[in-house]
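Hi everyone, thanks for coming.

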Amino acid sequence: MAKGLNIIVTESVKDLKSIQRLKPSYYSRIQMLLLIKEGVIITKDGLAQALNVSNKSVHVWRTKYIQGGLDLLLEDNRGGKPAQITEQVYKKLDARLNNSKEGFKSFIEIQQWLKENFGIEMQYHAVNKYIKRKFGARPKVARKSHINKDDNAAALFKKTTTGAKTY
């Protein structure tokens, strides 16, 4: 059996459990520290099996903890591009989507509007997913009534005349 790496966990069990509740996405990492602190399991293989993760994950987590402590272990360095649609563009897009007179008829129209007004070039599927995710809007659906419908004329049409007979 392999000899376990001697790691000294400086945080208390109480602190680790409170952090575990606050950051549920890092549950396994904190659980690893709890197992080491309590002396239950100290080998990489044992920790990996107990946490149901790979040996590589445990190795990376232990190395990060040794190098920088809890701060480095809980650091989130996932990449990604900054959002193209800023808060200002989002508000204008929201106003235009909720405008029944000047709304969009299709996602292609939204894509062209973003390019013309803000210089944002997004692919069709990206615009489609963004609009559906952020606004729950689907421009290509049938509406309940026409946007230019005159409510007074509709009320007059629905009003039945006296003495009218239906057959």
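I'll start with confidence, then turn to some helices.

This is a predicted model, so local features need pLDDT of at least 70 and side-chain atom pairs count only at pLDDT 80 or more, while totals for chains, interfaces and linings use all residues. Residues are numbered from 1 along each chain as its sequence is written, and side-chain values use heavy atoms, leaving out hydrogens and water.

The mean pLDDT, the predictor's confidence in each residue from 0 to 100, is 84 for the protein, and 89% of its residues reach 70 or more. Confidence is lowest in helix α8 (residues 151-158), with a mean of 81, and highest in helix α6 (residues 107-118), at 94. Helices here are DSSP runs (H or I, at least four residues), numbered from the N terminus.

Now, which residues of α1 are buried? In this helix, residues 13-22, they are Leu16, Ile19 and Gln20; buried means under 20% relative accessible area, and exposed over 50%, with a 1.4 Å probe and protein chains only. Down the axis of α1, these buried residues fall within an arc of 105°, so they line one face of the helix; that arc is taken from the directions from the helix axis to the C-beta atoms. The face turned away carries the exposed Lys14, Arg21 and Leu22. Covering the buried residues of α1 are, among others, α2 (27-38) and α4 (55-73), where contact means heavy atoms within 4.5 Å.

Finally, α2 also has contacts with α3: Ser28, Gln31, Met32, Leu35 and Ile36 in α2 meet Leu47, Ala50 and Leu51 in α3.

Notes: Helices (H or I, at least four residues) and strands (E, at least two) are DSSP runs, numbered from the N terminus.
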